[in-house]
Amino acid sequence: MKKLMMILLALLIVAVGAVAWKWESVVGWLNTSRARVDATAAEKDVLGTTAKNGKKILVAYFSWGGNTRAAARAIHEKIGGDIFEIRTETPYPAGYSDTVAQAKKEKAENIHPPLTASVPDIGDYDLILLGYPIWWFVEPMPIRSFLDAHNLDGKTILPFATSGGSSIQKSVESLRASAPKADIRDGHLCNVTSSIDAWLEDVGAMTGRR
């Protein structure tokens, strides 16, 4: 009888483990689907013509995992203006390791991937907040593609980034080298969204908020 009870208990543990594994898989799928829905919604961001203090503001960003997208939307919510997601014609792999490898190759070979769209009438904007994750210590190559596609001479650009550990400084230096005629200010890491308010106040971007 005791042996039978032990067998039944073992079967119960296996069954519970299987259910837990299945639930974890479902939750993982839901999280992935949620990220995809969020990205799809971002594609619908529309460029309008919001004026602030006589100036027009654009928040342009590239995001892979969603962290930079969240920071960009938080900034946009605080200062208004227009928002534009920088997207590549060929999406990056869903897997982290594959994306890391591709990013390394693009950096090493100076590959500027084609983008799905450009910003119409970018000359109308006075202030551009440019966001991206830090990849291999600098900005991702789609940001270089964005710089290629737009004349930013004389524009004031405020870089912001998310990072797993690297600082933003090298990417700012890289941006200045890529767009020498733009006024590229010191950047800000937005890993902690609570730091955004103080940064925007410090650079004067909150002035005239409706």
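How much space lies in the largest cavity? And what surrounds it?

A: This is a predicted model: local features need pLDDT of at least 70, side-chain atom pairs count only at pLDDT 80 or more, and totals for chains, interfaces and linings use all residues. Residues are numbered from 1 along each chain as its sequence is written, and side-chain values use heavy atoms, without hydrogens and water.

The largest cavity holds about 30 Å³ of space. A cavity is a set of points on a 1 Å grid over the protein atoms alone where a 1.4 Å probe fits but cannot get out; lining residues have an atom within 4 Å of a point. Points are joined across faces, edges and corners, and volume is the space filled by probe spheres set on them. The count is one cavity of 30 Å³ or more.

Ala103, Lys107, Trp135, Val138, Glu139, Pro140 and Met141 line the largest cavity. Five lining residues are nonpolar, none polar and two charged (Ala, Val, Leu, Ile, Met, Phe, Trp, Tyr, Cys and Pro count as nonpolar; Asp, Glu, Lys and Arg as charged; the others, Gly among them, as polar).

Glu139 is also in contact (heavy atoms within 4.5 Å) with Leu175. Leu175 sits in helix 5, residues 169–178 (helices are DSSP runs of H or I, at least four residues, numbered from the N terminus). Leu175 counts as buried because its relative accessibility is 1%, with buried meaning under 20% relative accessible area (1.4 Å probe, protein chains only). Beyond four places in sequence, its contacts also include Leu130, Tyr132 and Leu147. The C-alpha atoms of Leu175 and Leu147 are 8.6 Å apart.

Note on methods. On a 1 Å grid over the protein atoms alone, a cavity is a set of points where a 1.4 Å probe fits but cannot get out, and a pocket is an open set with protein on both sides within 12 Å along at least five of seven lines; lining residues have an atom within 4 Å of a point. Helices (H or I, at least four residues) and strands (E, at least two) are DSSP runs, numbered from the N terminus. Buried means under 20% relative accessible area, exposed over 50%, partly exposed in between (1.4 Å probe, protein chains only).
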